[in-house]
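Work through the exercises below with the model open beside you. Try each task before you read its solution.

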Amino acid sequence: MAENGTPKVAVGVDGSATAERALGWAASEAAHRGWPLHVVHALAMPLVMSVYAGPTRFPPNEEITEQGQRVLSRAEAHVRELEPDLPVETALALEDPAKALLRRTGPKDLLVTGSRGLGAARSALESSVSVRLAARAECPVVVVPESEASVVTAPRRIVVGVDGSDYSRGALDFALREAARAEGGSVVVVHGWRMPLPFDSEELAQSGWSPPNDLLDQRSQEMVSDMLALVQDEETRHVGVSVVRLDTDPADALVDTGATADMIVVGSRGRGSVRGLLLGSVSQGVLHRATVPVTVLPRAIRKH
(Lines give C-alpha, C1' and ligand atoms only; values in the text may rest on other atoms or scores of the structure.)
Protein backbone atom coordinates (compact mmCIF):
# COMPACT_ATOMS: atom_id res chain seq x y z
CA MET A 1 0.00 0.00 0.00
CA ALA A 2 1.28 3.44 -0.88
CA GLU A 3 1.92 5.94 1.88
CA ASN A 4 -0.45 8.84 2.18
CA GLY A 5 1.22 11.90 0.69
CA THR A 6 0.94 14.10 -2.37
CA PRO A 7 -1.70 12.68 -4.73
CA LYS A 8 -0.35 11.23 -7.97
CA VAL A 9 -1.51 9.64 -11.18
CA ALA A 10 -0.10 6.12 -11.59
CA VAL A 11 -0.09 4.24 -14.90
CA GLY A 12 1.14 0.83 -16.00
CA VAL A 13 3.10 0.46 -19.25
CA ASP A 14 4.34 -2.55 -21.23
CA GLY A 15 5.57 -1.06 -24.50
CA SER A 16 2.36 -1.73 -26.42
CA ALA A 17 0.38 0.83 -28.41
CA THR A 18 -2.50 0.43 -25.96
CA ALA A 19 -0.18 1.18 -23.05
CA GLU A 20 1.08 4.29 -24.85
CA ARG A 21 -2.52 5.44 -25.28
CA ALA A 22 -3.18 5.04 -21.55
CA LEU A 23 0.13 6.75 -20.79
CA GLY A 24 -0.82 9.76 -22.89
CA TRP A 25 -4.18 10.03 -21.13
CA ALA A 26 -2.53 9.72 -17.72
CA ALA A 27 0.10 12.36 -18.53
CA SER A 28 -2.50 14.85 -19.72
CA GLU A 29 -4.69 14.20 -16.69
CA ALA A 30 -1.77 14.53 -14.28
CA ALA A 31 -0.80 17.86 -15.84
CA HIS A 32 -4.40 19.09 -15.66
CA ARG A 33 -4.65 18.16 -11.98
CA GLY A 34 -1.18 19.44 -11.12
CA TRP A 35 -0.14 16.00 -9.84
CA PRO A 36 3.07 14.06 -10.53
CA LEU A 37 2.98 11.01 -12.82
CA HIS A 38 4.20 7.62 -11.62
CA VAL A 39 4.97 5.16 -14.46
CA VAL A 40 5.27 1.46 -13.59
CA HIS A 41 6.52 -1.43 -15.71
CA ALA A 42 5.97 -4.85 -14.12
CA LEU A 43 8.23 -7.77 -15.02
CA ALA A 44 5.93 -10.35 -13.38
CA MET A 45 8.84 -12.52 -12.27
CA PRO A 46 7.77 -15.95 -10.97
CA LEU A 47 7.84 -16.91 -7.32
CA VAL A 48 10.21 -19.66 -6.20
CA MET A 49 9.03 -21.77 -3.27
CA SER A 50 11.59 -22.74 -0.62
CA VAL A 51 11.03 -24.91 2.45
CA TYR A 52 13.30 -22.69 4.54
CA ALA A 53 12.98 -19.21 3.05
CA GLY A 54 9.35 -19.34 1.86
CA PRO A 55 8.25 -17.78 -1.44
CA THR A 56 10.96 -15.70 -3.11
CA ARG A 57 10.62 -13.68 -6.29
CA PHE A 58 12.88 -15.05 -9.04
CA PRO A 59 15.38 -12.29 -9.95
CA PRO A 60 15.41 -11.02 -13.54
CA ASN A 61 18.49 -11.56 -15.64
CA GLU A 62 20.39 -8.66 -17.19
CA GLU A 63 18.56 -8.90 -20.52
CA ILE A 64 15.10 -8.77 -18.90
CA THR A 65 16.14 -5.86 -16.69
CA GLU A 66 17.53 -3.90 -19.63
CA GLN A 67 14.40 -4.51 -21.67
CA GLY A 68 12.26 -3.26 -18.79
CA GLN A 69 14.39 -0.16 -18.43
CA ARG A 70 14.04 0.52 -22.16
CA VAL A 71 10.24 0.34 -21.84
CA LEU A 72 10.37 2.88 -19.01
CA SER A 73 12.83 5.13 -20.84
CA ARG A 74 10.62 5.24 -23.94
CA ALA A 75 7.58 5.92 -21.78
CA GLU A 76 9.31 8.78 -19.97
CA ALA A 77 10.51 10.27 -23.26
CA HIS A 78 6.96 10.13 -24.61
CA VAL A 79 5.65 11.94 -21.53
CA ARG A 80 8.34 14.62 -21.92
CA GLU A 81 7.13 15.23 -25.47
CA LEU A 82 3.53 15.57 -24.33
CA GLU A 83 3.99 17.41 -21.02
CA PRO A 84 7.54 18.82 -20.71
CA ASP A 85 7.03 20.30 -17.25
CA LEU A 86 5.28 17.30 -15.68
CA PRO A 87 7.15 15.63 -12.77
CA VAL A 88 7.64 11.96 -13.73
CA GLU A 89 8.84 9.02 -11.65
CA THR A 90 9.43 5.54 -13.08
CA ALA A 91 9.52 2.17 -11.34
CA LEU A 92 10.59 -1.29 -12.51
CA ALA A 93 8.63 -3.82 -10.47
CA LEU A 94 9.23 -7.54 -10.06
CA GLU A 95 5.62 -8.37 -9.16
CA ASP A 96 2.72 -9.04 -11.46
CA PRO A 97 1.23 -5.84 -12.94
CA ALA A 98 -1.88 -5.61 -10.76
CA LYS A 99 0.03 -6.13 -7.53
CA ALA A 100 2.74 -3.67 -8.59
CA LEU A 101 0.22 -0.91 -9.23
CA LEU A 102 -1.92 -1.66 -6.17
CA ARG A 103 1.14 -1.60 -3.90
CA ARG A 104 2.17 1.80 -5.24
CA THR A 105 -1.18 3.60 -4.96
CA GLY A 106 -3.33 4.82 -2.10
CA PRO A 107 -6.80 6.35 -1.59
CA LYS A 108 -5.76 9.85 -2.72
CA ASP A 109 -4.33 8.72 -6.07
CA LEU A 110 -5.72 8.07 -9.56
CA LEU A 111 -4.77 4.80 -11.27
CA VAL A 112 -4.83 4.61 -15.08
CA THR A 113 -4.65 1.46 -17.18
CA GLY A 114 -5.35 0.46 -20.74
CA SER A 115 -7.98 -2.07 -21.68
CA ARG A 116 -5.60 -4.63 -23.17
CA GLY A 117 -1.92 -5.50 -23.24
CA LEU A 118 0.56 -7.44 -25.33
CA GLY A 119 3.46 -9.75 -24.63
CA ALA A 120 3.93 -13.14 -23.01
CA ALA A 121 3.41 -11.84 -19.48
CA ARG A 122 0.22 -9.90 -20.37
CA SER A 123 0.36 -6.61 -18.57
CA ALA A 124 -1.80 -4.47 -16.33
CA LEU A 125 -3.29 -3.34 -19.57
CA GLU A 126 -4.95 -6.69 -20.16
CA SER A 127 -8.68 -6.50 -19.61
CA SER A 128 -8.76 -9.20 -16.91
CA VAL A 129 -6.09 -7.38 -14.91
CA SER A 130 -7.94 -4.11 -15.40
CA VAL A 131 -10.93 -5.74 -13.75
CA ARG A 132 -8.72 -6.89 -10.86
CA LEU A 133 -7.45 -3.35 -10.43
CA ALA A 134 -10.95 -1.89 -10.56
CA ALA A 135 -12.16 -4.40 -7.97
CA ARG A 136 -9.27 -4.06 -5.51
CA ALA A 137 -7.82 -0.54 -5.80
CA GLU A 138 -8.27 1.96 -2.98
CA CYS A 139 -8.44 4.83 -5.46
CA PRO A 140 -10.43 5.53 -8.64
CA VAL A 141 -9.29 3.42 -11.60
CA VAL A 142 -9.55 4.83 -15.14
CA VAL A 143 -9.56 2.21 -17.91
CA VAL A 144 -8.64 3.79 -21.25
CA PRO A 145 -10.18 1.91 -24.20
CA GLU A 146 -8.29 0.28 -27.02
CA SER A 147 -10.49 1.85 -29.71
CA GLU A 148 -9.01 4.29 -32.19
CA ALA A 149 -11.48 7.05 -31.30
CA SER A 150 -9.94 10.06 -29.59
CA VAL A 151 -10.16 10.22 -25.81
CA VAL A 152 -10.62 13.41 -23.82
CA THR A 153 -8.95 14.40 -20.56
CA ALA A 154 -10.60 16.94 -18.28
CA PRO A 155 -13.89 15.38 -19.45
CA ARG A 156 -16.81 17.74 -20.02
CA ARG A 157 -19.70 15.33 -20.58
CA ILE A 158 -19.78 12.45 -18.10
CA VAL A 159 -22.20 9.54 -17.90
CA VAL A 160 -22.68 7.89 -14.51
CA GLY A 161 -24.66 4.79 -13.52
CA VAL A 162 -26.75 4.89 -10.35
CA ASP A 163 -29.06 2.51 -8.50
CA GLY A 164 -29.73 4.37 -5.26
CA SER A 165 -26.96 2.66 -3.26
CA ASP A 166 -24.24 4.40 -1.27
CA TYR A 167 -21.72 3.16 -3.81
CA SER A 168 -23.50 4.72 -6.75
CA ARG A 169 -23.99 7.88 -4.70
CA GLY A 170 -20.20 8.04 -4.43
CA ALA A 171 -19.96 7.58 -8.20
CA LEU A 172 -22.43 10.43 -8.74
CA ASP A 173 -20.44 12.69 -6.43
CA PHE A 174 -17.22 11.88 -8.29
CA ALA A 175 -18.85 12.49 -11.68
CA LEU A 176 -20.16 15.87 -10.56
CA ARG A 177 -16.76 16.96 -9.27
CA GLU A 178 -15.03 15.84 -12.45
CA ALA A 179 -17.56 17.74 -14.58
CA ALA A 180 -17.14 20.82 -12.38
CA ARG A 181 -13.46 20.94 -13.38
CA ALA A 182 -14.37 21.62 -17.04
CA GLU A 183 -16.09 24.72 -18.34
CA GLY A 184 -19.65 23.81 -19.30
CA GLY A 185 -19.34 20.38 -17.70
CA SER A 186 -22.45 18.21 -17.48
CA VAL A 187 -23.49 14.85 -16.08
CA VAL A 188 -25.93 12.33 -17.55
CA VAL A 189 -27.30 10.04 -14.84
CA VAL A 190 -28.28 6.62 -16.17
CA HIS A 191 -30.66 4.36 -14.30
CA GLY A 192 -31.16 1.00 -15.98
CA TRP A 193 -34.35 -0.10 -14.24
CA ARG A 194 -36.58 -2.92 -15.41
CA MET A 195 -39.93 -3.64 -13.81
CA PRO A 196 -40.28 -7.35 -12.95
CA LEU A 197 -43.41 -8.89 -14.42
CA PRO A 198 -45.04 -11.76 -12.45
CA PHE A 199 -47.26 -12.71 -15.40
CA ASP A 200 -46.83 -13.83 -18.97
CA SER A 201 -45.37 -10.73 -20.60
CA GLU A 202 -46.31 -11.84 -24.13
CA GLU A 203 -49.94 -12.33 -23.14
CA LEU A 204 -49.95 -8.93 -21.39
CA ALA A 205 -48.53 -7.26 -24.49
CA GLN A 206 -51.14 -8.91 -26.72
CA SER A 207 -53.87 -7.60 -24.44
CA GLY A 208 -52.56 -4.08 -24.87
CA TRP A 209 -50.99 -3.71 -21.41
CA SER A 210 -47.58 -2.07 -21.12
CA PRO A 211 -45.37 -1.25 -18.10
CA PRO A 212 -46.11 2.16 -16.54
CA ASN A 213 -43.06 3.89 -17.98
CA ASP A 214 -44.24 7.31 -16.84
CA LEU A 215 -44.33 6.06 -13.26
CA LEU A 216 -40.92 4.42 -13.54
CA ASP A 217 -39.45 7.57 -15.09
CA GLN A 218 -40.90 9.62 -12.25
CA ARG A 219 -39.40 7.30 -9.65
CA SER A 220 -36.01 7.49 -11.35
CA GLN A 221 -36.17 11.28 -11.33
CA GLU A 222 -37.13 11.26 -7.65
CA MET A 223 -34.33 8.86 -6.73
CA VAL A 224 -31.73 10.95 -8.54
CA SER A 225 -33.12 14.16 -7.02
CA ASP A 226 -32.76 12.65 -3.56
CA MET A 227 -29.18 11.59 -4.34
CA LEU A 228 -28.30 15.02 -5.71
CA ALA A 229 -29.66 16.67 -2.56
CA LEU A 230 -27.17 14.58 -0.56
CA VAL A 231 -24.07 15.10 -2.70
CA GLN A 232 -24.31 18.50 -4.38
CA ASP A 233 -22.51 21.45 -2.82
CA GLU A 234 -21.26 24.87 -3.88
CA GLU A 235 -18.53 23.29 -6.00
CA THR A 236 -20.89 21.14 -8.06
CA ARG A 237 -24.25 22.92 -7.94
CA HIS A 238 -23.66 24.64 -11.28
CA VAL A 239 -23.07 21.36 -13.16
CA GLY A 240 -25.88 20.55 -15.58
CA VAL A 241 -27.58 17.23 -14.77
CA SER A 242 -29.96 15.16 -16.88
CA VAL A 243 -31.52 11.79 -16.07
CA VAL A 244 -31.99 8.86 -18.43
CA ARG A 245 -33.93 5.74 -17.44
CA LEU A 246 -33.63 2.90 -19.92
CA ASP A 247 -35.66 -0.29 -19.82
CA THR A 248 -32.68 -2.34 -20.88
CA ASP A 249 -29.64 -4.18 -19.58
CA PRO A 250 -27.69 -1.79 -17.30
CA ALA A 251 -24.39 -2.39 -19.12
CA ASP A 252 -26.07 -1.71 -22.46
CA ALA A 253 -27.64 1.45 -21.03
CA LEU A 254 -24.30 2.80 -19.83
CA VAL A 255 -22.29 1.83 -22.91
CA ASP A 256 -24.89 3.16 -25.35
CA THR A 257 -25.46 6.43 -23.47
CA GLY A 258 -21.74 6.87 -22.89
CA ALA A 259 -20.76 6.36 -26.54
CA THR A 260 -20.89 10.12 -27.16
CA ALA A 261 -19.59 11.13 -23.72
CA ASP A 262 -16.04 11.85 -22.58
CA MET A 263 -16.15 9.39 -19.67
CA ILE A 264 -18.35 6.78 -17.99
CA VAL A 265 -18.26 6.56 -14.19
CA VAL A 266 -19.44 3.54 -12.20
CA GLY A 267 -19.21 2.47 -8.58
CA SER A 268 -17.77 -0.85 -7.50
CA ARG A 269 -20.99 -2.31 -6.12
CA GLY A 270 -24.71 -1.90 -6.74
CA ARG A 271 -27.89 -3.34 -5.28
CA GLY A 272 -31.44 -4.32 -6.07
CA SER A 273 -32.57 -4.87 -9.67
CA VAL A 274 -29.19 -3.77 -10.96
CA ARG A 275 -27.11 -5.48 -8.29
CA GLY A 276 -23.45 -5.49 -9.21
CA LEU A 277 -24.01 -2.44 -11.52
CA LEU A 278 -20.87 -1.74 -10.48
CA LEU A 279 -18.40 -4.40 -10.19
CA GLY A 280 -19.98 -7.63 -11.20
CA SER A 281 -20.91 -8.79 -14.64
CA VAL A 282 -22.44 -5.41 -15.55
CA SER A 283 -19.40 -3.32 -14.72
CA GLN A 284 -17.16 -5.83 -16.45
CA GLY A 285 -19.39 -5.53 -19.50
CA VAL A 286 -18.94 -1.75 -19.41
CA LEU A 287 -15.16 -2.08 -19.04
CA HIS A 288 -14.87 -4.52 -21.93
CA ARG A 289 -17.21 -2.74 -24.35
CA ALA A 290 -16.98 1.00 -23.68
CA THR A 291 -15.35 3.15 -26.35
CA VAL A 292 -14.56 6.00 -23.91
CA PRO A 293 -12.55 5.96 -20.66
CA VAL A 294 -14.35 4.27 -17.77
CA THR A 295 -13.69 5.29 -14.17
CA VAL A 296 -14.49 2.72 -11.49
CA LEU A 297 -14.83 4.05 -7.96
CA PRO A 298 -13.69 1.88 -5.03
CA ARG A 299 -16.21 0.85 -2.42
CA ALA A 300 -14.47 3.02 0.19
CA ILE A 301 -15.34 6.25 -1.63
CA ARG A 302 -18.77 7.30 -0.42
CA LYS A 303 -20.48 10.59 0.22
CA HIS A 304 -21.45 10.94 3.87
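Buried means under 20% relative accessible area, exposed means over 50%, and partly exposed lies in between (1.4 Å probe, protein chains only). This is a predicted model: local features need pLDDT of at least 70, side-chain atom pairs count only at pLDDT 80 or more, and totals for chains, interfaces and linings use all residues. Residues are numbered from 1 along each chain as its sequence is written, and side-chain values use heavy atoms, with hydrogens and water left out.

**Exercise 1. The whole chain**

Task: State how many helices and strands the protein chain has, and what share of its residues is buried.

Solution. 
Step 1. Helices (H or I, at least four residues) and strands (E, at least two) are DSSP runs, numbered from the N terminus. The protein chain has 9 helices and 12 strands.
Step 2. Of the 304 residues in the protein chain, 49% are buried.
Step 3. Now turn to contacts, meaning heavy atoms within 4.5 Å. Take those between residues at least 6 apart in sequence: 77% of them join residues at least 24 apart.

**Exercise 2. Ala44**

Task: Find where Ala44 sits, and decide whether Ala44 is buried, partly exposed or exposed.

Solution. 
Step 1. Ala44 is in the loop between β2 (37-42) and β3 (47-48).
Step 2. Its relative accessibility is 29%, so Ala44 counts as partly exposed.
Step 3. Check the backbone. Most residues other than glycine have a negative phi. Phi of Ala44 is near 55 degrees, a positive value in a residue other than glycine.

**Exercise 3. The nonpolar cores**

Task: Describe the largest nonpolar core, then list what Leu172 is in contact with.

Solution. 
Step 1. A nonpolar core is a set of buried Ala, Val, Leu, Ile, Met, Phe, Trp, Tyr and Cys residues joined through side-chain atoms within 4.5 Å.
Step 2. The largest nonpolar core has 43 residues. Leu37, Val39, Val112, Val160, Leu172, Val187 and Val265 have the most contacts inside it.
Step 3. Helix α1 (residues 17-33) gives the most to this core, with 7 residues.
Step 4. Leave aside neighbours of Leu172 within four places in sequence. Leu172 is then in contact with Val160, Val162, Val187, Val189, Met227, Leu228 and Val231.
Step 5. There is also a second, separate core of 33 residues, which includes Val40, Val159, Val190 and Val266.

**Exercise 4. Two packed helices**

Task: Describe how α1 and α2 pack, and name the residues that meet.

Solution. 
Step 1. Two packed helices are described by the angle between their axes and the distance between the axes. Axes are lines fitted to C-alpha atoms, for helices over the stretch in contact, and angles run from 0 to 180 degrees between N-to-C directions.
Step 2. α1 and helix α2 (residues 62-82) pack at an angle of about 45 degrees, and their axes are 10 Å apart.
Step 3. This makes α1 oblique to α2. Angles under 35 degrees count as roughly parallel, over 145 as roughly antiparallel, 65 to 115 as roughly perpendicular and the rest as oblique.
Step 4. From α1, Glu20, Leu23, Gly24 and Ala27 meet Ala75, His78, Val79 and Leu82 of α2.
Step 5. By class, this contact of α1 with α2 has 5 nonpolar, 2 polar and 1 charged residues. Here Ala, Val, Leu, Ile, Met, Phe, Trp, Tyr, Cys and Pro count as nonpolar, Asp, Glu, Lys and Arg as charged, and the others, Gly among them, as polar.

**Exercise 5. Cys139 and Val296**

Solution. 
Step 1. Not counting residues up to four places away in sequence, Val296 touches several residues, including Cys139, Pro140 and Val141.
Step 2. Cys139 and Leu111 are 28 residues apart along the chain, and their C-alpha atoms are separated by 6.9 Å.

**Exercise 6. Thr6**

Task: Is Thr6 buried or exposed?

Solution. 
Step 1. Thr6 is in the segment before β1 (9-12).
Step 2. At 63% relative accessibility, Thr6 counts as exposed.
Step 3. Thr6 touches Pro36 and Asp109, not counting residues up to four places away in sequence.
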